[in-house]
Amino acid sequence: MLASHSYHSAFVSTPNPALVSQQAVQRLPRLALLLFCAAYVLPGLFGRDPWKNADLTAFGYMVNMAQGKTSWLDPAIAGLPMETALLPHWLGAAFIALLSPWVDPAFAARLPFVALLTLTLVLTWYSCFHLARTDRAQPLPFAFGGEAKTVDYARAIADGALLALIATLGLLQLGHETTPELAQLCSAVLFLWGLAAAPFRGVRAVLAVLAALPLLAASGAPAMALGIGLWGTWVCLRHPPEGAPRFWRWAAIATLAGALAGWALGTWAVRWHFTPDFAQLRQLLRLFLWFLWPAWVLALWTLWRWRQHLAQPHLSLPLGMAVIAASSCIAMGGSDRALMLGLPAMAVLAAFALPTFKRSTSAAIDWFSVFFFTGAALFAWVMYIAMQTGVPAKPAANVAKLAPGFTPVFSLVELLAALAGTLAWLWLVRWRTGRHRHALWKSLVLPASGVALCWLLVMTLWLPIVDYDRSYRPWVMRVARHVKRDECISARGLPRAPLAALEYYGGYRVDARPGVPIEACPVLLKPGAAPPPAGWVVAARERRPTDRNELTTLYRRAPAR
């Protein structure tokens, strides 16, 4: 347990708020930590289509490159060029080409991005570990000994940072997509690791810093690379890492290299979409509250309790990166993908709140997690039983209403995985609410495992209906009732995601280039229900089964008279 209340009162006037005993830094079993990560990373890897919109769009470029339908230097979907960075798409396309035809292209494209997510978790842990090893981050010594040892304390804080990242809601879906933002996220946390490891890892830290910012810029975020590079340079200049007094020079070189990489690859772009009106401010507030939950609560507590130490690198480095990511999000009009780049830094900040918690605070987090995630798991199971058996009748009727045409699919493997996850959650709740020594990381075990459990249940019990809702395959099957496989489709005005779906699922030749006459193809697809152009007749109107607002009208050339 942390220091007793009476002992804490004796040090209330000390500037360092961390008072941690050796008992409080007991090690989280590595097998348990690996199982946490596996339960978070692996669900969603198997048995699903690329989802709308960014996931499917990125996959469309990747599969077109891998199958030789478009150039690797200037890839296109339905003739429309790519608007984002090439490098992450090359990564997915390379895996598709390498594993074809033995592996499904969607699964093959997902593999490198699963590796990037895993690397992000690992780098977050080690970044926090190295930051917590610095002298200013260490807890105060006790008068009669018994305070936490340096490495044990750093390991416990790092365990908390990893659990805080897993518990953060914003990483759930975006972290499991095949989009450039995941490469950006991994590059950003690689830079954080390089700065954090500078006193301990020497050449490896230098190489990490020099690689991170050019990779971040090449992945489509040169402004983020410039911002965090300048911030890291300033922090290293003001507080030189021990044993590396000139490390700021490497950070400055990396910043310059990132800016030049963005210029050379053409990834610089103005994305200012912020308007200071009440509606957008309310939208931003809502985004920040749920996307960063629960890390933002702990991070604010860290800033308050460590307020006299905010200039120290173990706080200033992650704080600056989180603020820059939040500023990018605001400037882009509420981009959750920009905000995602600050999640590892936010998790590190959240971890430094753990040494300052009282028993009552930890208990409140535990009981909230128990009730919330147990209720969510119960809801998932009730809905699953209703989908499979029709009982209870009302949930089953709601599913049929919201997903017309959906046919439930039973999978024994997915059912067993969901059962194992649920039983593990029940055991964890029983263990956490029992009488055990209070390790620092225990306050985040239930939030992290609860998020992992819900993601596991959605990606097993609910996977068929979620895939039916998020995939464009059912829509393409509806279009295929009216369009033969060898017919060309003119689809000017359709977003890139349905264009990619028409090419991949339907095998159609699709042309959406603005300058090409629509008469070049016998079939015309347009969003909405606009009247037919001159010389065309309405052949059909189709919606995505689960979205009444997404209407597409199919036209055919009127027969000559």
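This is a predicted model: local features need pLDDT of at least 70, side-chain atom pairs count only at pLDDT 80 or more; totals for chains, interfaces and linings use all residues.
Local features need pLDDT of at least 70, side-chain atom pairs count only at pLDDT 80 or more, and totals for chains, interfaces and linings use all residues. Residues are numbered from 1 along each chain as its sequence is written, and side-chain values use heavy atoms, with hydrogens and water left out.

Start with the cysteines. A disulfide here is a pair of cysteine sulfur atoms within 2.5 Å. The count by this rule is one. Cysteine 488 and cysteine 521 form it, with sulfur atoms 1.8 Å apart. The pair links distant parts of the chain, 33 residues apart. Cysteine 488 lies in strand E3 (residues 488–490). Cysteine 521 sits in the loop between strand E4 (509–511) and strand E5 (523–527). Helices (H or I, at least four residues) and strands (E, at least two) are DSSP runs, numbered from the N terminus. Both cysteine 488 and cysteine 521 are buried. Buried means under 20% relative accessible area, exposed over 50%, partly exposed in between (1.4 Å probe, protein chains only).

Cysteine 186 has 6% relative accessibility, so it counts as buried. For cysteine 236, the closest cysteine sulfur is in cysteine 128, 17 Å away and too far for a bond. Cysteine 236 is also buried, at 3% relative accessibility.

Phenylalanine 368 belongs to helix H18 (residues 359–389). This residue counts as partly exposed because its relative accessibility is 47%.
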